[in-house]
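Me: I am new to reading structures. Please take one part of this one and walk me through it closely, in short steps.

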Amino acid sequence: MQMSNTVEYALRAVVWLSDHADQSHTSHSIAEATRMPSSYLSKILKSLSHAGIVTGQRGVNGGYTLNRDPNGLSILEVVNAVEPVQRIRACPLGLENHGKNLCNLHRTLDDVMIDIEKAFANHTIGQMLTKPNRVKPLCGVTVKGKKALDAVGPQSTGIRR
């Protein structure tokens, strides 16, 4: 199962803003740093703003900042802000004799979605930034000729996205 681009982009933006919390950033600079289309990111930032995860400020010194402590912000909150996990609440085939009593196929699929929700709820953005022995998220990304983030160091595993 693969996450949608919307979820991936929202997580990239939030992780990047978490790691660059010292100032506000324009949607264009965030898009450039996280390698995503600027117009798409604007829609995502709007959803994240409505959820209270980021704050947007217009004007000369405007831009976006993270509105939450990364250590208390779960992956699930970010996911639900842009594209909530789809649970199966009733028979997707519309079979009257199934109704809300899911068959084994759809019960199993819904149970997996429950597990995904739990896993996302139990991991924070802050944890992603501080996990040892991992390559730092978005490491090696360059913005206008400068590295936006550096690898964690010699303990990096070489895992790439």
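Reply: Start in helix α5, with aspartate 110 and arginine 107. They are 3 residues apart in this helix, so about one helical turn separates them. The model is a predicted one. In it, aspartate 110 and arginine 107 form a salt bridge, and their closest N and O atoms are 3.2 Å apart. Side chains of opposite charge can pair when their charged atoms come close.

Now compare how each partner meets the surroundings. Arginine 107 has a relative accessible area of 32%. Aspartate 110 has a relative accessible area of 1%. Aspartate 110 is therefore buried, as that value is under 20%.

Aspartate 110 has another partner, arginine 87. The two form a salt bridge with the closest N and O atoms 2.7 Å apart. Where does each of them sit? Arginine 87 is in the loop between α4 and α5 (104-121), while aspartate 110 is in helix α5, so this bridge ties together parts that lie 23 residues apart in sequence. Arginine 87 itself is partly exposed, at 23% relative accessible area.

Follow arginine 87 onward. Its side chain also meets that of glutamate 117 in a salt bridge, at 3.6 Å from N to O. Glutamate 117 is in helix α5 and arginine 87 is in the loop between α4 and α5. The two are 30 residues apart, and the pair links distant parts of the chain.

Salt bridges with shared partners join Arg87, Arg107, Asp110, Asp111 and Glu117 into one network. Across the whole structure, a search finds 6 salt bridges.

Next, look at the aromatic rings. How many aromatic pairs does a search of the whole structure find? The search finds 1. Tyrosine 9 and tyrosine 40 make up this pair, in an edge-to-face arrangement. Their ring centres are 5.2 Å apart, and the angle between the planes is 80°. The angle counts as edge-to-face because it is over 60 degrees. Tyrosine 9 belongs to helix α1 (residues 5-19) and tyrosine 40 to helix α3 (residues 38-50). They are 31 residues apart, and the pair links distant parts of the chain. Tyrosine 9 is buried, at 11% relative accessible area. Tyrosine 40 is partly exposed, at 27%.

Is serine 74 buried or exposed? Serine 74 is buried, with a relative accessible area of 9%. It sits in the loop between β2 (63-66) and α4 (75-82). Setting aside neighbours within four places in sequence, serine 74 is in contact with Phe120, Ala121, His123 and Thr124.

Asparagine 61 is in the loop between β1 (54-57) and β2. Asparagine 61 is exposed, with a relative accessible area of 69%. From asparagine 61 to glutamine 23 there are 38 residues in sequence, and their C-alpha atoms are 9.3 Å apart in space.

Conventions: Residues are numbered from 1 along each chain as its sequence is written. This is a predicted model: local features need pLDDT of at least 70, side-chain atom pairs count only at pLDDT 80 or more; totals for chains, interfaces and linings use all residues. Side-chain values use heavy atoms; hydrogens and water are left out. Helices (H or I, at least four residues) and strands (E, at least two) are DSSP runs, numbered from the N terminus. Buried means under 20% relative accessible area, exposed over 50%, partly exposed in between (1.4 Å probe, protein chains only). Contact means heavy atoms within 4.5 Å. Rings of Phe, Tyr and Trp (its six-membered ring) pair if their centres lie within 6.5 Å; planes under 30 degrees apart count as stacked, over 60 as edge-to-face and the rest as tilted. A salt bridge is a side-chain nitrogen of Lys or Arg within 4 Å of a carboxyl oxygen of Asp or Glu.
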